[in-house]
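Subject: Structure for your review

Dear colleague,

Please find below the structure that I am handing over to you.

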Amino acid sequence: MPTYEEAWTQLLETPSYDPAASCNLVNASDMKRLGVEPRLMTKHDTRAARPQPLRDRGLFLLPATNGSYHVLREDGYFDLRPHGQDHPRTFVAQYPFRIETLEGTQSEMSHLDRLYLTGVIADFLEESGPLYATVRGRRFSPTFTYFVGDLGPLSARGVQYEVDQGYESADEIALFEAKTSGASNFLVRQLYFPFRALAMRTTKHIRSVFLRD
């Protein structure tokens, strides 16, 4: 079985792939024929997570359907500011009682749960009214089109997206993507695809938030 680096080199050198084009399409079925797992072949949440063949060519991926991917010659990542440039404010948490089920947990979702239960999320969003946790987990998008720089229109049809946690008030929905890895950049799709999918279902204002430790 080839490594993911070797598999990507083979995909980018197949006759159906046009190296001069700024946009190509690759399929999960082609990856499976090479003996590699498509989910792991295509999960590149940061620039550095891309296999070397993609980095060398300045390429990144976006899903087109639930089994095919756009290979784009563009930069689809957003750089985060280093820690320490802002002035943190102390927030004194007031749990109503001891929350035992969150003790010792360090997942992204458990961090969001703590921030929500202690009121930090509502304070950050400047919500004075009730705020409810309503969206979490993997879903499939409706069809929508979009541009990446000068490339497009591109289509996303029934692609899977994930929301770490979504909160809803009377007039707003806030969608959170959380990372505990201290990443310096992230794939914009992680915020954009959930935003587009939810925007087609609601007239409420949608705010996308990236949270890192």
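A residue is called buried under 20% relative accessible area, exposed over 50%, and partly exposed in between, computed with a 1.4 Å probe on protein chains only. On this scale L115 is partly exposed, because its relative accessibility is 25%.

Two remarks on the source are needed. This is a predicted model, in which local features need pLDDT of at least 70 and side-chain atom pairs count only at pLDDT 80 or more, while totals for chains, interfaces and linings use all residues. Residues are numbered from 1 along each chain as its sequence is written, and side-chain values use heavy atoms, with hydrogens and water left out.

**Two residues and their surroundings**

L115 belongs to helix α5; helices (H or I, at least four residues) and strands (E, at least two) are DSSP runs numbered from the N terminus. Leaving aside residues up to four places away in sequence, L115 is in contact (heavy atoms within 4.5 Å) with V120, I121 and L211.

T42 sits in the loop between α3 and α4 (52-57). With a relative accessible area of 13%, T42 is buried. A polar atom of its side chain lies 2.8 Å from the backbone oxygen of P38. Not counting residues up to four places away in sequence, T42 touches M31, L61 and Y69.

**Salt bridges**

Side chains of opposite charge can pair when their charged atoms come close. A salt bridge here is a side-chain nitrogen of Lys or Arg within 4 Å of a carboxyl oxygen of Asp or Glu, and the structure holds 11 of them.

- R33 and D30 form one with an N to O distance of 2.2 Å; both lie in helix α2, three residues apart, about one turn of the helix. R33 is exposed at 63% relative accessibility, whereas D30 is partly exposed at 24%.
- R47 and D75 form another, their closest N and O atoms being 2.9 Å apart. R47 is in the loop between α3 and α4 and D75 in the loop between β3 (68-72) and β4 (77-79), so the pair ties together parts that are 28 residues apart in sequence.
- R207 and E172 meet at 3.1 Å, N to O. This pair links distant parts of the chain, with R207 in strand β11 (residues 205-212) and E172 in strand β9, 35 residues apart. E172 is buried at 9% relative accessibility, and R207 is partly exposed at 26%.

Yours sincerely,
A colleague

Technical notes
A polar contact is a pair of N or O atoms within 3.5 Å; within protein, one must be able to donate a hydrogen and the other to accept it, and residues adjacent in sequence count only if both atoms are side-chain atoms.
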